[in-house]
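Please read the following report beside the sequence and the structure.

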Amino acid sequence: MKNHPQNPAPEDAGSRRACPAVICYPIDDLPTLNPSCFSTTRETMTLVDEVIIPPRDAKTFMVPAGYYFRIVSFEGPQVGDLNLWNAQDLDEKFFSGKTRALHGTHVSVGDRLWSNLPNMRSMATITYDTLDWYGWDEDGGSVHDVIGTRCDPYTNILLTGNEYHHCCHSNLIRAIASEKGMSTDSAEGLVHDVLNVFMCTGFTQDTHQYFMKASPVRPGDYLEFFAEIDLLGALSTCPGGDCSSGHSSEEAQCYPLKVEIYKPAEEMIANWIKPTRSPYSRSHGQ
Ligand SMILES: [Zn+2]
């Protein structure tokens, strides 16, 4: 509706619009992890576990603090929807909105995945991204967004009238319910906005609507994370496949994804200091 205003622009519209843009959350002083430490660790770490996620499904995985995990494409172009929780406290979970506010619409190496309030600490740092060459395309698109929420059956039925039961939202619910031995009704509240791994997205130039286009991911590509706290993760293989056309249906060609867990050398883990939760007083200043 922004493109169809009902009110005429005031005389000083130009000067009001010309105010300088200011970064809402400057991150220059954010604590950062040393990239050279990651490259050293990568040479010594060993694969200790892997989880295959079949097409149109989701699986959970555990990553101890100080370990690494990779989300790997190995059969064909496929997008994954990632949820993360504190393994000891599922009330602490990935905060897609604030991660976006801090690091931008799409994340890559050096960006961190932050947890919800009142925790507000880094859950994981992205340490390697084989798709970092993509940058920004001519449509303003890029990969690994924290814009989209996850495909879900409610929006699908609202827009199309069709029921579909393998949306990422539903897949993630079933996976966490199975992991925790709880009902799907109880598990639904644990599922949260995702990191869209490998998905290529942006906002259209004219209407600024969320768009997707075929993911550039190919077998062999991966996105690697360093776990800063003990993590429980869940990854859904989106029914949109490479998300080149639609989702929330059986139409797209879909492929499995793999999660690999890596253990660094013992001394590397011993040296790791877990980030503490936000020291902000929960009295809210009263
Ligand atoms: Zn999806």
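The protein chain holds seven helices and 13 strands, where helices (H or I, at least four residues) and strands (E, at least two) are DSSP runs numbered from the N terminus. This is a predicted model, in which local features need pLDDT of at least 70 and side-chain atom pairs count only at pLDDT 80 or more, whereas totals for chains, interfaces and linings use all residues. Residues are numbered from 1 along each chain as its sequence is written.

Taken along the principal axes, the C-alpha atoms of the protein chain fill a box of roughly 65 × 45 × 45 Å. A compact globule with 286 residues would have a radius of gyration near 19 Å, and the protein chain agrees with this, having 20 Å; the radius is taken over C-alpha atoms, and the globule rule is 2.2 Å times the number of residues to the power 0.38. Of the 286 residues, 39% count as buried, a term used when 20 or more other C-beta atoms lie within 10 Å of a residue's own, while 12 or fewer make it exposed and values in between make it partly exposed, with C-beta atoms placed from the backbone. Among contacts between residues at least 6 apart in sequence, 73% join residues at least 24 apart, a contact being a pair of residues whose C-beta atoms, placed from the backbone, lie within 7 Å.

UniProt, in an unreviewed entry, places the feature "domain: DUF1989" at residues 52-232; the positions are given in the numbering used here, feature names are shortened, and annotations may be inferred rather than shown by experiment. The end C-alpha atoms of this span lie 16 Å apart, and the span is 19% helix and 34% strand.

**The sheet and its strands**

Six strands form an open sheet in the order 1-13-3-11-7-6, with antiparallel pairing; two strands pair if DSSP finds at least two bridges between them. Strand 1 (46-53) and strand 6 (112-114) are the edge strands, each pairing on one side only. From one strand to the next the twist averages 25°, based on axes that are lines fitted to C-alpha atoms, for helices over the stretch in contact, with angles that run from 0 to 180 degrees between N-to-C directions.

| Pair | Number of bridges |
|---|---|
| Strand 7 (residues 122-129) and strand 11 (residues 222-227) | five bridges |
| Strand 3 (residues 68-73) and strand 11 | five bridges |
| Strand 4 (residues 80-86) and strand 5 (residues 89-93) | two bridges |

Within strand 11, Leu223 is the bridge partner of Asp129, and Phe225 is the bridge partner of Phe69. Strand 4 and strand 5 form a hairpin with two residues between them, and Trp85 stands opposite Lys93 in strand 5.

Strand 11 is mostly covered, since six of its six residues are buried. From this strand Tyr222, Glu224 and Phe226 point one way, and Leu223, Phe225 and Ala227 point the other way.

**The core**

Phe69 and Ala227 have the most contacts inside the largest nonpolar core, which has 59 residues; such a core is a set of buried Ala, Val, Leu, Ile, Met, Phe, Trp, Tyr and Cys residues joined through C-beta atoms within 7 Å. Leaving aside its neighbours within four places in sequence, Phe69 is in contact with residues including Phe61, Phe225, Ala227 and Ile261.

**Loops and a helix**

Val146 lies in the loop between strand 8 (142-145) and helix 4, and Val146 counts as buried because it has 27 C-beta neighbours inside 10 Å. Val146 and Lys98 are 48 residues apart in sequence and 9.4 Å apart in space, C-alpha to C-alpha. Helix 4 (residues 153-160) lies largely in the open, because the number buried among its eight residues is zero, and this helix is followed by Gly161, whose phi is positive, near 80°.

Arg56 is found in the loop between strand 1 and strand 2 (58-63) and is buried, with 22 other C-beta atoms within 10 Å. Cys243 lies in the loop between strand 12 (231-237) and strand 13 (257-263) and is buried, with 24 other C-beta atoms within 10 Å.

Pro118 has its place in the loop between strand 6 and strand 7, and the peptide bond from Leu117 to Pro118 is cis, with omega near 5°.

Definitions and conventions:
Contact = placed C-beta atoms within 7 Å.
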